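Keep the viewer at hand as the residues come up.

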Amino acid sequence: MGPAGDARVKIILPPELPASQITPEPVYRARRQLMGLGLASPLLALAGCAGADDGGDAAAPGAPAGAGAAGGGAEELTRFEDATSYNNFYEFGTAKTDPARYASSLEPAPWSVVVGGEAELTGTFPLEDLLAITAAQDRTYRLRCVEGWSMVIPWQGLPLGEVLRHFKPTSRAKYVAFTTLADPRQMPGLRYPSINWPYREGLRIDEAMHPLALLATGMYGKPLPNQNGAPLRLVVPWKYGFKSIKSIIRIDFTEAMPPTSWNQLQPEEYGFYSNVNPDVDHPRWSQRSERRIAGTASKLFAERIPTLPFNGYGEQVAGLYAGMDLRKWF
Ligand code: MTE
């Protein structure tokens, strides 16, 4: 149970996106008093997307699902402190606490994004130009990591499809590829070949155009913290968290399916699609449940809830995969 009733929010989906439904910033600040418990759980080396849940599972694995388990109901928000201190951003190290410790060296301004490939409008665009394409929206989304934990975060950002349409993709644009900054001066983790840098992700173009896909610029009413992917990251709520690429510097429209970092590294473990699917086990662990890090005083008490197909967004996105064998296209 969360510290306050006001921490429960409805998971908001378009078209109902009133900013007023997002819990105001003072509420997140008030939760600071709950910091300090159990935040230093031991971390496994290379436990990022390459390893199972990190052992913070004090909650019994069989614990009953919480009120927030069903799709679309009222769910508690993850505390700002947890969302910004328990991260995966391998460019700053592979431990969950590394991004918060080391990402201050990232310089999110000035920032520009190269748009290339199969589109009529290509080039290098200052971030400000991208932000002017369409109005920012508030979207509270669940995000589930393939490692077995999930968070509920109020994001601010631009609908990805609206941004992409601005560049007028040609009929040959079948996929969209995203690339993260790879600057060893700003990113100490690049010294280690944990990933074949730069970090890359991709979506099929109809997935990228789906109204739920967000190009996030902020969270909890503030600009994105560096550790969460400042100044621009993807949030694709029906896919495992690793598809949500951070600190994007390049967007390419491509005819061929683009390589993606985790798929390149471990193709048998991480497919291109990576839709949240409780029926498709990761080769080394089950994907049937998740530790919901939200509203609790400590991650140690996070409750285990059943994982939902497409992370609970099936009604909106299942049609994208009609006729596909999702065991094969995992
Ligand atoms: N983007 C980059 N560039 N580098 C990364 O290591 N990690 C991914 C994804 N985006 C990652 C990344 C993984 S594994 C997850 S679970 C999410 O970011 C975590 O986002 P969060 O730290 O904001 O919760």
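Twelve nonpolar, six polar and four charged residues make up the lining of the largest pocket in this predicted model. That lining counts 22 residues in total. Tyr240, Asn275, Asn277, Val280 and Phe330 lie nearest the pocket's centre. The pocket's volume is about 260 Å³.

Rolling a probe the size of a water molecule over the atoms shows where empty space is left. How many cavities of 30 Å³ or more does a search of the whole structure find? The search finds two. The largest cavity holds about 340 Å³ of space. Its lining has 25 residues, and those closest to the centre are Asn88, Arg233, Gly241, Ser244 and Lys246. Two elements, β5 and β6, each give two or more residues to this lining. The largest share, four residues, comes from β6. By class, the cavity lining has 15 nonpolar, six polar and four charged residues.

Sequence neighbours up to four places away are left out here. Phe253 then touches Val115, Gly116, Gly117, Glu118 and Ala119, among others.

Strand β7 runs over residues 175–180, and Thr180 lies in it. Is Thr180 buried or exposed? Its relative accessible area is 1%, so Thr180 counts as buried. Leaving aside neighbours within four places in sequence, Thr180 is in contact with Phe89, Glu91, Met187, Pro198 and Tyr199, among others. Its contacts also include Ile245, Lys246, Ser247, Ile248 and Ile249.

Next come the charged pairs. Side chains of opposite charge can pair when their charged atoms come close. The model has 15 salt bridges. One of them joins the side chains of Glu290 and Arg144, at 3.2 Å from N to O.

A second salt bridge joins the side chains of Glu201 and Lys243, at 2.8 Å from N to O. Glu201 lies in strand β8 (residues 200–204), while Lys243 lies in the loop between β11 (233–235) and β12 (248–254), so this pair ties together parts that are 42 residues apart in sequence. Glu201 is buried, and Lys243 is buried too.

Another salt bridge pairs Arg288 with Asp279. Their closest N and O atoms are 3.1 Å apart. Arg288 has 47% relative accessibility, so it counts as partly exposed. Asp279 is partly exposed as well, with a relative accessible area of 40%.

Finally, some salt bridges share partners. Glu75, Arg142, Arg144, Glu290 and Arg292 are joined in this way into one network.

Definitions and conventions
Residues numbered from 1 in each chain as written. Predicted model: local features only at pLDDT ≥ 70, side-chain atom pairs only at ≥ 80, totals over all residues. Heavy atoms only, no water. 1 Å grid on protein atoms, 1.4 Å probe; cavity = no way out; pocket = protein on both sides within 12 Å on 5 of 7 lines; lining within 4 Å. Points joined across faces, edges and corners; volume = space filled by probe spheres on them. Nonpolar A, V, L, I, M, F, W, Y, C, P; charged D, E, K, R; others polar. Salt bridge = Lys/Arg side-chain N within 4 Å of Asp/Glu carboxyl O. Buried < 20%, exposed > 50% of the residue type's maximum accessible area, 1.4 Å probe, protein only. Contact = heavy atoms within 4.5 Å.
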